[in-house]
Amino acid sequence: MNFLRFAVRRLAEMAATLLGASFVIFGAMYLAPGNPASFLLAGRSASPEALRAINAQYHLDEPFAVQYVRWLGQVLQGDFGRSITYRTDVSRLLADRLPSTLLLISMALALVLALGLLLGWIGAVRGGAADSTILVTTTFAIGTPSFVAAVLLQGLFAVNLHWFPTGGTGEGPAQMLWHLTLPAVALALYLIGMLARVTRAAMLDVLGQEHVTVARSRGVSDHRVIRRHVFRNALGTVLTTSGLIVSTLLVTTVLVESAFSVGGIGQLLELSTTTKDFPTVQAISLIMVALFMTVNLLVDLLHPLVDPRVALGPRRSAA
Amino acid sequence: MTAATLLRRPGLARIRTSRAPLSLLCLGFVALVVALAVLAPWIAPYDANTVDLGNALAGPSAEHLLGVDASGRDTLSRLVLGARTSLLGPLGVVVFSTLAGVAIGTAAAWRGGWLDSVLSRGAELVFAFPGMLLAILIVSVHGEGLLAPVIALAIAYLPYVSRLTRSLVLAERERPYVEAYRVQGHSGLQICLRHVVPGVAPVVLAQSTINFGYALIDLAGLSFLGLGVPALTPDWGRMVFDGKTAVQYGYPLSAIVPCAAIVLTVVAFNVVGERWADKVSRRDG
């Protein structure tokens, strides 16, 4: 019952924030100095009748509140309007491009979780030279922007060594995996370093606590202590970085997709930003914010299961 | 095995102190980059926008120490002059987000009540947008240029500073000296400005130094998308953008040079900032 109330409360909070975000996104576009109608006409002069027809088709002649409510109602039904550049439904565009972005993000996430946790574990448990190496490597991983990693990986593994294609998305699952490997590595690099750092610090913190000494003195095997009593406890702290991981993946994919010409929603966001295709920009921004908040909600709900010490309550702002 | 593991905590301290040369090195690098940016027009050997198509993509030579890019522009000159925009942008982000963040965080913590909850809600809303996304949104509305992305990122970074300040000020206002000043008749504003804010400043500034590195990455990323600085402005992110086609044709140098500059600068600022944060927290603890 307590859990249910907590879940409902968080869900309501999320809905409120999402509503605020949708208002910001729509409002920002409404305030734009360029008139969408002039982009539709692409510099051609149009008769007043044609202009009026365009204004009516895209509902540009209505007051702000009416436009906003209409847009919100349509969005709730999955209708994001028509793209100004592509002249098709934005939802169609998104449906075509979302799979490659989701695959790319999933591949990067798998890399981040596997390598980040592993390196953090090794750094905390082994210490010494291994730890120093991991510290220096992760320092550089954190300092390397994804687009720098993308350009360097492309130059080395695609252009010089020909191991991977220089760009594109590929057809079919096997081709897609092959095409998206380098982008996934570029996307994951920063987060691997970040997660390794957080895992290492959290595990070192737990290693110094009394219950670890007690477990050891009672003859519990070293591996078991690390796995059951150190890593498990540290996982709660690690989980608090999940929001950062997801938001970084979502927004960084724009840069990586652009560098590797991956036909995902990130590249679409970049293209539609340069062409002022407002309906598409609005839709992608809203989807990114919604995805980000959904993951945050899930993590908040899962956190007590991973770490039973966490009390259910209003979200505490992490330090 | 057990004993060895238990001895590791002091061992860690040894690693920390032995990393001092690294952080000194980074501090030196930060000073070098800043000096380059300030003295850029006198150091750069050529004009950053002199095009020499006949010489395009030439490798390093005595005339062009770091080679030239696809338009035949001298890479070294663009690198040195690009240090200005590449550092000035993040500086703007950090200065604005720090000033506004400290003001908002202090007000929220000091006043509490409705002001605190309004400001916290606002922060939640900004947190819902990943920083770069907010910047892309604002650029899509206002067009490219340096100012719009800087303001957008400053807004995106603001809640991080204000939340940190809020928690620090909440702890600080419980300390006896604040009550002592209050009893002596100092106004709340006076206590905040003269005593509380200077008290929490070191921690906030350490955080801002680390933010500088992230702002540099984000702004360079926007330039890489072609959404940041205008086309001809020398800027490291823009140089990577201009050089990425050449990379695909097997001439990576004009892109690698700015890449290295970005990575080294960000690492240097991060190490210096974290070292500072370590020192500050140890003094408090």
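Student: What should I know about the model before we start?
Tutor: This is a predicted model, where local features need pLDDT of at least 70, side-chain atom pairs count only at pLDDT 80 or more, and totals for chains, interfaces and linings use all residues. Residues are numbered from 1 along each chain as its sequence is written, with chains lettered from A and ligands numbered from 1 in the order in which they are written.

Student: Is I265(A) buried or exposed?
Tutor: I265(A) is buried, with 27 other C-beta atoms within 10 Å; buried means 20 or more, counted from C-beta atoms placed from the backbone.

Student: What does I265(A) touch?
Tutor: Leaving out residues up to four places away in sequence, I265(A) touches L94(A), R97(A), L98(A), T101(A) and I284(A). Contact means C-beta atoms, placed from the backbone, within 7 Å.

Student: Switching to α7(B): where does α7(B) bend?
Tutor: At Y157(B), by about 35°, and P159(B), a proline, follows within four residues. The bend is the angle between axes fitted to the seven residues ending there and the seven starting there. Helices are DSSP runs (H or I, at least four residues), numbered from the N terminus.

Student: How many residues of α7(B) are buried?
Tutor: 19 of the 26, so α7(B) is largely enclosed by the rest of the structure.

Student: And how many residues of chain B are in contact with chain A?
Tutor: 44 residues of chain B, against 47 residues of chain A. Among the helices of chain B that each supply at least two residues to that side are α7 and α9 (188–224).

Key. A residue is buried if 20 or more other C-beta atoms lie within 10 Å of its own, exposed if 12 or fewer, and partly exposed in between; C-beta atoms are placed from the backbone. Two residues are in contact if their C-beta atoms, placed from the backbone, lie within 7 Å.
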